[in-house]
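Visitor: Please show me the sequence and the model. I have some questions about single residues and their surroundings.

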Amino acid sequence: MARIISCLGVGAVNASFKPNSSLTQSDLNKAVTMTDNNEVGLGSSEDVMVGRLAYLDDAESPAVCTVQIAGVMELPFSGSPSVNDMVVVNGLGSVITAPVMSVGQANKGRGVVLNVGSKLLLNL
């Protein structure tokens with residue numbers, strides 16, 4: 001009998017935010033960042049990642065979304081992340097390896113990469 005090793009969803013914590021007006025249903029399960037007070041969006045390359053867009057209700061006003069802000073999650077990625085890397089958003093909904101910061105600069109990276117496959121398994 002084959003054993004399946006999975007930690008997806010362990011420790012999940014979700015929070016509600018106002019979605020940036022550019023977010024659509026096609027952005028579900030993508031990486032998001034803070035774009036304004038209590039507002040999330042795809043942001044710009046190397047912005048701090050706040051989590052994974054889990055739900056978007058833009059049918060009524062005001063629009064609301066749910067973001068998984070902690071726990072183990074799968075995210076699209078670009079570049080070549082490795083296990084134990086920290087990540088930031090790329091501004092298109094994927095994550096990229098956080099840049100190496102100079103002495104005295106704040107690290108923007110969050111999370112720990114657990115597995116790299118067709119999607120990235122990340123613990124925030």
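The questions below concern a predicted model.

Visitor: How far from R52 is the nearest side chain of opposite charge, and which residue is it?
Guide: R52 lies in strand β4, residues 51-57. R52 is buried and has no salt bridge. A salt bridge needs the charged atoms within 4 Å. The nearest side chain of opposite charge is 8.1 Å away, and it belongs to E74.

Visitor: Is N29 buried, exposed or partly exposed?
Guide: N29 sits in the loop between β1 and β2. Its phi is positive, about 70°, although N29 is not a glycine. Buried means under 20% relative accessible area and exposed means over 50%. N29 has 35% relative accessibility, so it counts as partly exposed.

Visitor: Which residue stands opposite R52?
Guide: Strands β2 and β4 run antiparallel, joined by two bridges. β2 covers residues 31-36. Opposite R52 in β4 stands A31.

Visitor: What is the phi of N38, in the turn of the hairpin?
Guide: β2 and β3 pair antiparallel over three bridges. D36 has E39 in β3 as its bridge partner. Two residues lie between the strands of this hairpin, and N38 in the turn has a positive phi of about 55°.

Visitor: Where is the omega near 0°?
Guide: P62 is in the loop between β4 and β5. The cis peptide bond, with omega near 0°, runs from S61 to P62.

Definitions and conventions. Residues numbered from 1 in each chain as written. Predicted model: local features only at pLDDT ≥ 70, side-chain atom pairs only at ≥ 80, totals over all residues. Heavy atoms only, no water. Helix = DSSP H or I, 4+ residues; strand = E, 2+ residues; numbered from the N terminus. Buried < 20%, exposed > 50% of the residue type's maximum accessible area, 1.4 Å probe, protein only. Lys, Arg positive; Asp, Glu negative; His and termini not counted. Pairing = 2+ DSSP bridges.
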